[in-house]
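Open the structure in your viewer and keep the sequence beside it. The tour below goes from one selection to the next.

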Amino acid sequence: MQRMESESVSEEGGKTESNIDLSSTLKSGVFGSGIMQTKQERYRELFWEHKHTTITMCFVFWSFGTCVAFLGPTLLDLGCKTGTIFPTMSWIFFSQSFFILLGSACAGFMLKRFSREMMLIVGTSMMTITMASIPLCNALWALAIVLAIMGFFMGTIDTVANVSMICIYGKDVSPFLQAVMGFFTGTIDTVANVSMICI
């Protein structure tokens, strides 16, 4: 009898110990929010380690979004400036979009010869110059050429910035890449909403 009682007590003790271990494990957050906190801490550390580069990339994509979004609200004014009817003005969208595609493809080959930093500096500088020269275009062909040059460097920036973010963050790039792209889409939405309010 005593042996059976001691065995039952030891079994109950083992159960209590296992219950305590299980509850402490649950409290420690292995199955709860502990993993998420670890990821958040890792992402926070990565961001603070590369904060200057990441913030710069956000503003690069902000300027990228501005170059895409400005065409819609200013299309009628550009048509008046160049003396072009509205249906023909759609060619400038094609010009910019086609050269964005071309620039994105060429940037992959240019990355083998030039540094990422130099390509980003040249790309953002050319985007600024072409944006500033748009009001000087009095003909549709001149506007199409300026937007084609702008589109080429926009595509270059798109590829180089994405590659740079992947090289910096590696397999943890997802949230940072989404944040950077948020500046691109956010700029387009903002410009579109402002233009609708003004109309």
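How much of the chain over residues 140-161 is helix, and how much is strand? Select that stretch in this predicted model: residues 140-161 are 100% helix and 0% strand, with the end C-alpha atoms 31 Å apart.

Next, select residues 91-111, where the chain is 95% helix and 0% strand.

Now show helix H3 (residues 51-69) together with helix H7 (residues 140-169). Their axes come within 11 Å and cross at roughly 155 degrees. An angle over 145 degrees counts as roughly antiparallel, so H3 and H7 are roughly antiparallel to each other. The crossing of H3 past H7 is left-handed.

On the H3 side, the residues in contact include Met-57, Phe-61 and Phe-64. On the H7 side, Met-154, Asp-158 and Tyr-169 are among them. Sorted by class, the contact of H3 with H7 has 13 nonpolar, five polar and one charged residues.

Finally, go to Leu-78, in helix H4 (residues 71-82). Is Leu-78 buried or exposed? Its relative accessibility is 10%, so Leu-78 counts as buried, the cut-off being under 20%. Leaving aside residues up to four places away in sequence, Leu-78 touches Leu-71, Met-89, Ile-92, Ile-134 and Leu-143.

Conventions: Residues numbered from 1 in each chain as written. Predicted model: local features only at pLDDT ≥ 70, side-chain atom pairs only at ≥ 80, totals over all residues. Heavy atoms only, no water. Helix = DSSP H or I, 4+ residues; strand = E, 2+ residues; numbered from the N terminus. Axes fitted to C-alpha atoms, helices over the stretch in contact; angles between N-to-C directions. Parallel < 35°, antiparallel > 145°, perpendicular 65-115°, else oblique. Left-handed = near helix turned anticlockwise from the far one by under 90°. Contact = heavy atoms within 4.5 Å. Nonpolar A, V, L, I, M, F, W, Y, C, P; charged D, E, K, R; others polar. Buried < 20%, exposed > 50% of the residue type's maximum accessible area, 1.4 Å probe, protein only.
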